[in-house]
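Please read them with the structure open.

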Amino acid sequence: MNCIRRIKINLAAGFNQTLSGDANLPMLTCVSSNQQPWNSTLPTLIHLPNCKTQFDINQIHARLLTTGFIKNSYLTTKLILNFASSPHTPLIQFARHIFFSHSIPRSSKMKDPFLWNAIIKTFSHGDDPKQAVFVLGLMLQNRACVDKFSFSLVLKACSRMGLIREGMQVHGFLIKIGITSDLYLQNCLISMYVRGGCVEFARQVFDRMPERDSISFNSMIDGYVKCGMITSARELFDSLPSQMKNLRSWNCMISGYAVVEDGFSLAWELFDEMPERDMVSWNLMIRCCIKSGKIDLARTLFDRMPEKDVISWAKLIDGYAKLGNINTARHLFDEMPQLDIISCNVIMAGYLQNGGSLEALNIFHNIMSDNNLTPDDTTFSLALSAIAQLGYAHEGITIHTYINNKGLKLEGKLGVSLIDMYSKSGMIETAMHVFETLKQKNIDHYNAMIGGLGIHGFGKQAFNMFLEIQTLNLKPDTITYLNVLNACAHSGLLKEGVMCFKIMTRHHKMEPEIQHFGCLIDIFARAGKIKEAMGIIDQMPFEPNGVMWRALFSACKNLENTIDTDIPILKDEIMMDCYDSSNYILLSNIYARFGMWDFVRKVRGMMKERKIKKVPGRSWIELDGTFHEFFVGDGSHPQVEEIYSVLDNWSHVKSFKLDSKFESDLFLIGS
């Protein structure tokens, strides 16, 4: 008997060690030499605060099943309450499992809403807010008591997801059971309607409230501001009792004036009147100054700030970068007391906006080598944009590999940036592979792929992809149409381009922008239909820009017949606001081709008078990790003699039909 008893004790100890994963862990060990662990819930309760991973959950679950404690209401309630508020996803999921599998079947004894509210909160504040509505319905079905916290959590879930229909059902139920006077719930209703864009319904709730507090007023003011109803917001702000006006009230109004066209003076007036300011107030005013083009005033406010955060630095850096003053932006960036990923993203974007793709890529390299900085989706997207501009395909492939290894999702802007990078790097097949492997595609992914097909001359495929969008639950935007029209222009698809423009204007009722008209003009001009292109220019509601004239000039240059001097493109007025040297050169070449030398001299004279210099043509290529750049007439490249030798011999070779591999090799040698 003693032998059997010792075996049982050893087996129990071994089982404890197996469950804990380590013999040194105290998870399921006996707390007293006189008490067996299988007869007490205490070891399990002690271990609950230490649980973090799925492995820990498996141990707890095994013990609950083997001991029968899964039926112990006291223990499961403690477990649910502990795990429901945990930041670790496996714990939250286990709390839900225990609740739905074991607590609800005993719901006749569970009338207290406390445990229900804990589970509703996991959904309301978690990754699937819509399920909070389902749990509330289950709660009512099981006749559990429902309190104002149950409703407030569900209303917050509806607010997060914009579930106006479900929120209105909850609102109707509140009216039905007579809980309409509670201030906290009324504020939740206002917030839900405001965030869902139904500001009129929010105002109805606001007007019917027997009492209001500063939260009620601020929610309504914020709702009006976000809907662009600044006048209504100001009326409510002015009616707000002075004792209720707080920092959020003032900041909401300043943020409203910061986004309207002529709101600077009113924002500045409010900022000056504020009884106290916080960092948000200063940052909002700096943003307003930058939007109004008052960068010097923004810098003055920045220097006056009693305390600065990363938003303060990022706003000013972004302001200088958008005004083209990238050197000052970089100087500010270097002065930052501590770098963070937001400021790094801002300076990278600034470099890209100002043609500094190489500098943006260098910033990215610094981020990757700094252990204190963690790149996000925006960082990788900006780096891929820089790579696309530079043609550094090998770096793009490295980033793609890193993204895959980290398990980052491509369904957002990362996928868009990868498609764009591969397309612009000449790897259209790889771009298409990335596109096809995406499980969920949005309109931005289609836009990037259509744009990539267009620049590679696959206009028909781009147009077919546009037709595919029409069959999906996706709404084309202005970029979609711009990319399709551009693809049609480059592939000479006149009929398809006109059809796309008609779908845009007639079917989707979208107002074309000047870029869309420019592409349509380019389509007709490339087809040699100059008068039709001129007809579009005469009818469009915009003044023609340099791009449109350049499209027409290029088309006229290729005409075989003598040019019609009555066509308006020959008039000098079109050049009055144009400072692009390529327009002048094109027009001069057209006149020269048709022997109109007086016009040639006039155009050249205009260039000299306006001090417009011809910008030399430039091309570049990345080969074996080295960046090669070439200008027209430039002989500074170290391999210039070999390059010109290959080019001189090309005329002797081009008469033969070359296979694609030989052409590729010859091109690389010549580079």
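1. In which loop does Arg 143 lie? Arg 143 sits in the loop between α7 (130–141) and α8 (148–161). Keep in mind that this is a predicted model. The phi of Arg 143 is near 60°, a positive value in a residue other than glycine. Arg 143 counts as exposed, at 69% relative accessibility.

2. Lys 509 also deserves a look. Its phi is positive, about 55°, although Lys 509 is not a glycine. Lys 509 is found in the loop between α29 (494–507) and α30 (514–526). Its relative accessibility is 65%, so Lys 509 counts as exposed.

3. Now the overall picture. The chain has 36 helices and 2 strands. It has 671 residues, and 44% of them count as buried. Take the contacts between residues at least 6 apart in sequence: 56% of these join residues at least 24 apart. The chain exposes about 36200 Å², with carbon and sulfur atoms supplying 53% of that area.

4. Next, the nonpolar interior. In soluble globular proteins, nonpolar side chains tend to be buried together. Here the largest nonpolar core has 170 residues. Phe 83, Met 285 and Leu 552 have the most contacts inside this core. Helix α22 (residues 377–390) gives the core its largest share, 8 residues. A second, separate core has 12 residues, including Val 600, Val 603, Met 606 and Ile 612.

5. Which residues does Met 285 touch, not counting residues up to four places away in sequence? They are Ile 254, Phe 264, Ala 267, Trp 268, Phe 271 and Leu 301. Met 285 is also one of the residues with the most contacts inside the largest core.

6. The buried residues of α21 are Ser 357, Ala 360, Leu 361, Ile 363, Phe 364 and Ile 367. They cover an arc of only 155° around the axis, so they lie on the same side of α21. These buried residues pack against α19 (326–335), α20 (341–353), α22 and α23 (393–406).

7. On to charge pairs. Side chains of opposite charge can pair when their charged atoms come close. The whole structure contains 12 salt bridges. Asp 222 and Arg 248 form a salt bridge through their side chains (3.8 Å, N to O). This pair links distant parts of the chain, 26 residues apart: Asp 222 is in helix α12, and Arg 248 is in helix α14 (residues 247–259). Asp 222 counts as buried at 13% relative accessibility, whereas Arg 248 is partly exposed at 39%. Asp 222, Lys 226 and Arg 248 are linked in a network of salt bridges.

8. Is Ser 219 buried or exposed? Ser 219 has a relative accessible area of 11%, so it counts as buried. Ser 219 is placed in helix α12 (residues 214–226). Leaving aside neighbours within four places in sequence, Ser 219 is in contact with Ile 190, Val 194 and Arg 248. Arg 248 also meets Asp 222 in the salt bridge described above.

9. Two further salt bridges lie within single helices. An α-helix has 3.6 residues a turn, so residues three or four places apart point the same way. The side chains of Asp 334 and Arg 330 meet at 3.1 Å, N to O, in a salt bridge. Asp 334 and Arg 330 are separated by about one helical turn, because they are 4 residues apart in helix α19. Arg 330 is partly exposed, with a relative accessible area of 25%. Arg 526 and Asp 522 also form a side-chain salt bridge (3.0 Å, N to O). Both lie in helix α30, 4 residues apart, about one turn of the helix. Asp 522 is buried, with a relative accessible area of 13%.

Terms used:
Residues are numbered from 1 along each chain as its sequence is written. This is a predicted model: local features need pLDDT of at least 70, side-chain atom pairs count only at pLDDT 80 or more; totals for chains, interfaces and linings use all residues. Side-chain values use heavy atoms; hydrogens and water are left out. A nonpolar core is a set of buried Ala, Val, Leu, Ile, Met, Phe, Trp, Tyr and Cys residues joined through side-chain atoms within 4.5 Å. Buried means under 20% relative accessible area, exposed over 50%, partly exposed in between (1.4 Å probe, protein chains only). Contact means heavy atoms within 4.5 Å. The arc is that of the directions from the helix axis to the C-beta atoms. Accessible areas come from the Shrake-Rupley method with a 1.4 Å probe; for residues, only the protein chains shown count as cover. A salt bridge is a side-chain nitrogen of Lys or Arg within 4 Å of a carboxyl oxygen of Asp or Glu.
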